[in-house]
Amino acid sequence: MLKVGEPIPGFTLMSDKAGEVSTEKLLGTRYVIFVYPKDDTFGWTVEATEFRDRIPEFQKLGVAVYGLSADDLESHNKFSEKHQLNFPLLADLDHQWIDQAGLRGEQEWNGKKFIGIFRTTLVVGPDGRLEHLWEKVKFQNHAEEVLTTLKQ
């Protein structure tokens, strides 16, 4: 599992808006990655639109925002267009980075157990190290929570 102060695992992933995105290309910048289970689900839609509406505030702080799931680019494009998202969505189709980061495992919903992606948000510093980590994210007002942390 990820730990604050440690480098995040490296990745090179395709996105719906920014082409190829990699930890190597992001070195020297501060950014947010929020990991979510699936495009166009209720919780993710609430979270994504709250981030969308707050993007100008993130930009004023010089912080890029990325969503990340195992959905493909076609799904990301449809979801992004439907909700007019103004930040890139990264596709980790084979769960390689998600698993390397420890962000997938056994979960339970309505009494059924399954392997799923943990709703998690990361703030990564310019040095590629994890500055802040939210696990088991509550999707409502999460963008505000992240902004408040970034402003401290």
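A pocket here is an open set of grid points with protein on both sides within 12 Å along at least five of seven lines, and its lining residues have an atom within 4 Å of a point. With that in hand, let's tour this predicted model.

**First stop: the largest pocket.** Select Pro 37, Gln 107, Ile 117, Phe 118 and Arg 119; of the 18 residues that line the largest pocket, these lie nearest its centre. Now colour strand S6 (104–109) and strand S7 (112–117), the elements that each give two or more residues to the lining. S6 provides the largest share, four residues. The volume of the largest pocket is about 560 Å³. If you colour the lining by class, you will find eight nonpolar, four polar and six charged residues.

**Second stop: the largest nonpolar core.** Next, pick out Ile 8, Phe 11, Ile 33, Val 35, Leu 68, Trp 97 and Leu 122, which touch the most other members of this 22-residue core. At least two residues of the core come from each of strand S3 (30–35), strand S4 (63–69), helix H4 (96–100), strand S8 (120–124) and strand S9 (130–135). The biggest contribution, three residues, is from S3. Zoom in on Ile 33: setting aside neighbours within four places in sequence, Ile 33 is in contact with Phe 11, Tyr 66, Leu 68, Thr 120, Thr 121 and Leu 122. Apart from this core lies another, of 21 residues, including Val 65, Phe 87, Val 123 and Leu 150.

Move along to helix H2 (residues 42–60) and select Phe 58. Is Phe 58 buried or exposed? Its relative accessibility is 0%, and buried means under 20%, so Phe 58 counts as buried. Show its surroundings and you will see Phe 58 touching Val 32, Phe 51, Val 63, Val 65, Ala 143, Val 146, Leu 147 and Leu 150, with residues up to four places away in sequence not counted.

**Last stop: Ser 80.** Finish in helix H3 (residues 73–82), where Ser 80 is found. Ser 80 has 4% relative accessibility and therefore counts as buried. What joins the side chains of Ser 80 and Lys 17? Display both and look for a polar contact of 2.2 Å. Beyond residues up to four places away in sequence, Ser 80 touches Asp 16, Lys 17, Leu 85 and Leu 89.

Notes:
Residues numbered from 1 in each chain as written. Predicted model: local features only at pLDDT ≥ 70, side-chain atom pairs only at ≥ 80, totals over all residues. Heavy atoms only, no water. Buried < 20%, exposed > 50% of the residue type's maximum accessible area, 1.4 Å probe, protein only. Polar contact = N/O pair within 3.5 Å; in protein donor to acceptor, adjacent residues only side chain to side chain. Contact = heavy atoms within 4.5 Å. 1 Å grid on protein atoms, 1.4 Å probe; cavity = no way out; pocket = protein on both sides within 12 Å on 5 of 7 lines; lining within 4 Å. Points joined across faces, edges and corners; volume = space filled by probe spheres on them. Nonpolar A, V, L, I, M, F, W, Y, C, P; charged D, E, K, R; others polar. Core = buried A, V, L, I, M, F, W, Y, C linked by side-chain atoms within 4.5 Å.
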